[in-house]
Amino acid sequence: MSTSDATPLALIVHAHPEPRSFSTAQMTTAAQALREAGYRVDVLDLYADAWAPTLARDDFPSVEGHFKPQAEQMRAVREGTLDATVQAHLDRLLAADLLVLSFPMWWFSLPAILKGWVDRVFAMGAVFGGDHGLFENAALAGKRAMLLFTTGGPSEMFQPGVFGSMDDFLFHIHRGMLEFVGYRVLDPVVTYGPAHMTDQERAAALETVRESVTLIAADPASRDASLV
């Protein structure tokens, strides 16, 4: 659906293998907060959908000689021969005003299934490159994106001299993935160490998530991340 529609559309791409996890509860809470703020919400649950994360030769109908993934993406976009599932996800991505990546932080980055979604759906020629530029000239310029995630460790571990600054770990996602294709990146919503919380603390953390997402939905310009 066009982003010119009066009601904004949020696409949440969720990547956690356990439907009863705190991460999934956090995603559900954020989705409800967005709906209450006036958004239509589209959820892609990558594990539930058995998403295949590997960008491979089999994605393309006729590859001759040396396989160059981005060249094949550009050709498939131009000729309308992208893998049908990838095309469906790409269409949902392009329709959304707000992209939310929902995940547990593994090895200070995205889970492989979510990185593979970016590899396959952020197709060259469709969201950058070809007829599109990079950053403010890319296809998703004018749209917004944010990260919604959990960590294994507490917040005090994410500082210089221990794990390191959270901004440093997120730079390759914020700048190298989201801003690269044109998004204006909003502040992340993070729950630190939910596995170490009591049930009461987790309930309070979900309420914080709801409040944070509600603020972002109501006044996104005031929540921009300053990572450039």
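Trainee: Is Phe-158 buried or exposed?

Mentor: Phe-158 counts as buried, because its relative accessibility is 11%. Buried means under 20% relative accessible area, exposed over 50%, and partly exposed in between, with a 1.4 Å probe and protein chains only. Before we go on: this is a predicted model, where local features need pLDDT of at least 70, side-chain atom pairs count only at pLDDT 80 or more, and totals for chains, interfaces and linings use all residues. Residues are numbered from 1 along each chain as its sequence is written, and side-chain values use heavy atoms, with hydrogens and water left out.

Trainee: OK. How many aromatic pairs are there?

Mentor: Eleven. The rule is that rings of Phe, Tyr and Trp (its six-membered ring) pair if their centres lie within 6.5 Å; planes under 30 degrees apart are stacked, over 60 edge-to-face, and the rest tilted. Take Phe-128 and Phe-180: their ring centres are 5.4 Å apart and the planes sit at 65 degrees, so that pair is edge-to-face.

Trainee: Where do those two sit in the chain?

Mentor: Phe-128 is in the loop between α4 (112-121) and β4 (144-151), and Phe-180 is in the loop between α5 (166-178) and β5 (184-185), so the pair ties together parts 52 residues apart in sequence. Helices (H or I, at least four residues) and strands (E, at least two) are DSSP runs, numbered from the N terminus. Phe-128 is buried at 9% relative accessibility, while Phe-180 is partly exposed at 25%.

Trainee: And which residue does Phe-158 pair with?

Mentor: Tyr-192, in a tilted pair with 5.6 Å between centres and 55 degrees between planes. Phe-158 is in the loop between β4 and α5 and Tyr-192 in strand β6 (residues 189-192), 34 residues apart. Tyr-192 is partly exposed, at 26% relative accessibility. Both also belong to one aromatic cluster with Phe-108, Phe-163 and Phe-169.

Trainee: What's the phi of Phe-108 like?

Mentor: Near 60 degrees, a positive value in a residue other than glycine. Most residues other than glycine have a negative phi. Phe-108 is in the loop between β3 and α4, and is partly exposed with a relative accessible area of 31%.

Trainee: Switching to helices. How many residues does α6 have?

Mentor: Helix α6 (residues 199-218) has 20 residues. Its buried residues are Ala-205, Leu-206, Val-209, Ser-212, Val-213, Ile-216 and Ala-217.

Trainee: What do they pack against?

Mentor: The buried residues of α6 pack against α1 (22-36), β4 and β6, with contact meaning heavy atoms within 4.5 Å. The face turned away from that buried side carries the exposed residues Gln-200, Leu-215 and Ala-218.

Trainee: Last topic, the largest nonpolar core. Which residues touch the most other members?

Mentor: Leu-93, Leu-99, Trp-117, Phe-122 and Leu-178, out of 47 residues. A nonpolar core is a set of buried Ala, Val, Leu, Ile, Met, Phe, Trp, Tyr and Cys residues joined through side-chain atoms within 4.5 Å. Helix α5 supplies the largest share of this core, six residues. Apart from it lies another core of 19 residues, including Val-209 and Val-213.

How values were computed
Expected span 1.5 Å × (residues − 1).
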